[in-house]
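The sequence and model come before the discussion.

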Amino acid sequence: MFKRILVPLDGSLRAESALAVAARIARASEGTIMLLRVVSIPAEYTTYLYDSYLAQTPTHAQEILDTEQANAENYLAKIGKSTRLAGIKTETKALSGTAAMTILDVTRDEHIDIIVMCSHGNTGFKRWALGSVAQHVSRHSPVPVLVLREEGTAPTSSFPDHLHPLRSVTAMVALDGSKLAEVALEPAAYLVAALAAPAQGTLLLTSVVNMPAIKNRPDIQKQALDDAKAYLSSVTERLNGELATKLNLAIGWSIAISKDVADALIRAAESGEIVESSWEFAGCDLLAIATHGRGGVQRWVMGSVTERVLGATKLPLLIVRPKAEQA
């Protein structure tokens, strides 16, 4: 499924942390990695160019861009030949433009299947901010985006390992009962299979039951939990056929209760805080979620579940945009 993998780089070690994960996916899928560097005039030249414009003297904007272009091409060539990508077919592109828009354009033009990128680069932000490159790309990308957190961990070591001796790679997929949310299932399945190979990967289907107004009605609460369990069990049974066998996956489910869906998903994925599950687990290696769910809104809004998870979790986050919403 992930034959063409795009890794946007900005020259920072933070951004390069995505290479190990991308390489693991590429080796498992026999895919190609495209390294992208978006070139622009560095901030330190802005004042100089502005002063030159006011003085009506010739500026050297093109010369600066040409230098940055050459530096970017040399940088990408070096990364492409590094031991991290040994044995993987690698392509490079250095383009001028706005970072987020250029990444999206390349994704469409080059028929990319997945974008793997770090949430922070040269900007040095300590938290996500609306309009950041990774956030904008995640919001508008026509293909799944795997966002790695600067302060988080990345599932790149062989599994099982000393940190997780009892399990292989586990991906939690957030579901709310809608078909829109279920679009994250297949990409998450292929991703966890690639990251876990040659061991068996695990897909954990999770729903959050929101019952703030009926906490004093145990009968209604029980019905809501039963409905969630029935739904998750049916999806688990459906996936436990050809897909699970083909990708060597174990598939289970879990349920959390909270009026704060985003917080409950994060706690479930990072710490295993749930009320019921088909098996015991202490946490996951990554979280997968669609950009749209039961609400079916036509665009993201601040405070949406996906955006809040994106801004708060320390886990790698796979974000999938439903094709119906792309239209």
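## Basis

Helices (H or I, at least four residues) and strands (E, at least two) are DSSP runs, numbered from the N terminus. This is a predicted model, in which local features need pLDDT of at least 70, side-chain atom pairs count only at pLDDT 80 or more, and totals for chains, interfaces and linings use all residues. Residues are numbered from 1 along each chain as its sequence is written, and side-chain values use heavy atoms, with hydrogens and water left out.

## Salt bridges

A salt bridge is a side-chain nitrogen of Lys or Arg within 4 Å of a carboxyl oxygen of Asp or Glu. The whole structure contains 12 of them. One joins the side chains of Lys 222 and Asp 226, at 2.9 Å from N to O. Because these two are four residues apart in helix H9 (residues 218–239), about one helical turn separates Lys 222 from Asp 226. For accessibility, buried means under 20% relative accessible area, exposed over 50%, and partly exposed in between (1.4 Å probe, protein chains only). Lys 222 is exposed at 52%, whereas Asp 226 is partly exposed at 34%.

In helix H11 (residues 261–271), Asp 263 and Arg 267 are likewise four residues apart, about one turn of the helix. Their salt bridge has its closest N and O atoms 2.7 Å apart. Arg 267 also forms a salt bridge with Glu 273, at 2.9 Å from N to O. Relative accessible area is 32% for Asp 263, 27% for Arg 267 and 38% for Glu 273, so Asp 263, Arg 267 and Glu 273 count as partly exposed. Elsewhere, salt bridges link Arg 4, Glu 91, Lys 93 and Glu 110 in a network.

## Helix H2

Helix H2 (residues 18–29) has 12 residues and spans 17 Å from first to last C-alpha, close to the expected 16 Å; the expected span is 1.5 Å times one less than the number of residues. Nine of the 12 residues are buried, so H2 is largely enclosed by the rest of the structure. Among the buried residues are Leu 19, Val 21, Arg 24, Ile 25 and Ser 29. Glu 30 follows the helix and has a positive phi, near 55°.

## Nonpolar cores

In soluble globular proteins, nonpolar side chains tend to be buried together. Here a nonpolar core is a set of buried Ala, Val, Leu, Ile, Met, Phe, Trp, Tyr and Cys residues joined through side-chain atoms within 4.5 Å. The largest has 62 residues, and Ile 25, Leu 203 and Leu 205 have the most contacts inside it. Helix H8 (residues 185–196) supplies the largest share of this core, 10 residues. A second, separate core of 36 residues includes Val 143, Ala 264, Cys 284 and Leu 317.

Contact means heavy atoms within 4.5 Å. Leaving aside residues up to four places away in sequence, Ile 25 touches Phe 2, Ile 5, Val 116, Leu 146, Leu 191, Ala 194 and Leu 195.

## Ser 141 and the cysteines

Ser 141 lies in the loop between helix H6 (133–140) and strand E5 (145–148). Ser 141 is buried, at 1% relative accessibility, and its side chain reaches the backbone oxygen of Val 143 at 2.7 Å.

A disulfide is a pair of cysteine sulfur atoms within 2.5 Å, and by this rule the count is zero. Cys 118 is buried at 7% relative accessibility, and Cys 284 is buried at 7%.

Key: Polar contact = N/O pair within 3.5 Å; in protein donor to acceptor, adjacent residues only side chain to side chain.
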